[in-house]
Amino acid sequence: MINRAVLTGRLTRDPEVRYTQSGAAVGSFTLAVDRQFTNQQGQREADFINCVIWRKSAENFANFTHKGSLVGIEGRIQTRNYENQQGQRVYVTEVVVENFALLESRSQSDQRTSGNTNDNGGYNNNAPQSGSANPFGGTGNNGGNNAGNTAPSSQSSQTPADPFAGNGESIDISDDDLPF
């Protein structure tokens, strides 16, 4: 039988780590996973998936992630049940995480959580600001490795932000110039 779950989403809260009586670490968290389609209002809905991670992986996961972190997880779906204090049977379905990946750098994560004061759902909007013609969020030509840094630099007055913007000329490229 196959029981595999692979999910990508953002944490809805900081992971919670507890320890069993035998000393094994167990972490729990909820992952918000966007659906592939939109509702009638044109908005994407999300599913909130409960997850559990064990032992050293739980400690590492808690140390390197926080609310809003973009993560990928791989594991299996597990259903368990218990009797609560009122004597009712409670069924819980969760993903038992066997492997995880951090899908954004620490600087991106910190920038999103600390530098984001407008209400845009926790996502950075790297759209060009007024006066900036570069849609990639920076100035000059540094290979695009500026991680959305739109701070002015000393080169910004010397080189145009986009060498092809606004000149009105077509670009003639032959098939021989293309690498594919």
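Reply: F100 is partly exposed, with a relative accessible area of 23% (buried means under 20%, exposed over 50% and partly exposed in between, with a 1.4 Å probe and protein chains only). The model is predicted, so local features need pLDDT of at least 70 and side-chain atom pairs count only at pLDDT 80 or more, while totals for chains, interfaces and linings use all residues. Residues are numbered from 1 along each chain as its sequence is written, and side-chain values use heavy atoms, leaving out hydrogens and water.

F100 belongs to one aromatic cluster, together with F29 and F61. The whole structure contains two aromatic pairs (ring centres of Phe, Tyr or the six-membered ring of Trp within 6.5 Å; planes under 30 degrees apart are stacked, over 60 edge-to-face, the rest tilted). The F29 and F61 pair is stacked, because the ring centres lie 4.5 Å apart and the planes meet at 25 degrees. This pair links distant parts of the chain, with F29 in strand β3 and F61 in helix α1, 32 residues apart (helices, H or I of at least four residues, and strands, E of at least two, are DSSP runs numbered from the N terminus). Both partners are buried: F29 has a relative accessible area of 1%, and F61 has one of 0%. The pair of F61 and F100 is edge-to-face, at 4.9 Å centre to centre and with 85 degrees between the planes. F61 is in helix α1 and F100 in strand β6, so this pair ties together parts that are 39 residues apart in sequence. F61 therefore takes part in a stacked pair with F29 and in an edge-to-face pair with F100.

T65 sits in the loop between α1 and β5 and is buried, at 6% relative accessible area. Apart from neighbours within four places in sequence, T65 is in contact with L11, P15, V71 and L102 (contact means heavy atoms within 4.5 Å).

Setting aside neighbours within four places in sequence, C51 is in contact with F29 and L31, with I73, and with G27, S28, V95 and V97. In soluble globular proteins, nonpolar side chains tend to be buried together.

The structure has 10 salt bridges (a side-chain nitrogen of Lys or Arg within 4 Å of a carboxyl oxygen of Asp or Glu). One of them joins R35 to D47, with the closest N and O atoms 2.7 Å apart. R35 is in strand β3 and D47 in strand β4, so the pair ties together parts 12 residues apart in sequence. R35 is partly exposed at 28% relative accessibility, and D47 is partly exposed at 30%. E94 and R80 form another salt bridge, with closest N and O atoms 2.8 Å apart. This pair links E94 in strand β6 with R80 in strand β5, 14 residues apart. E94 is buried at 7% relative accessibility, whereas R80 is partly exposed at 37%.

The protein averages a pLDDT of 76, and 64% of the residues score at least 70 (pLDDT is the predictor's confidence in each residue, from 0 to 100). Where pLDDT is low, the predicted coordinates should not be read in detail.
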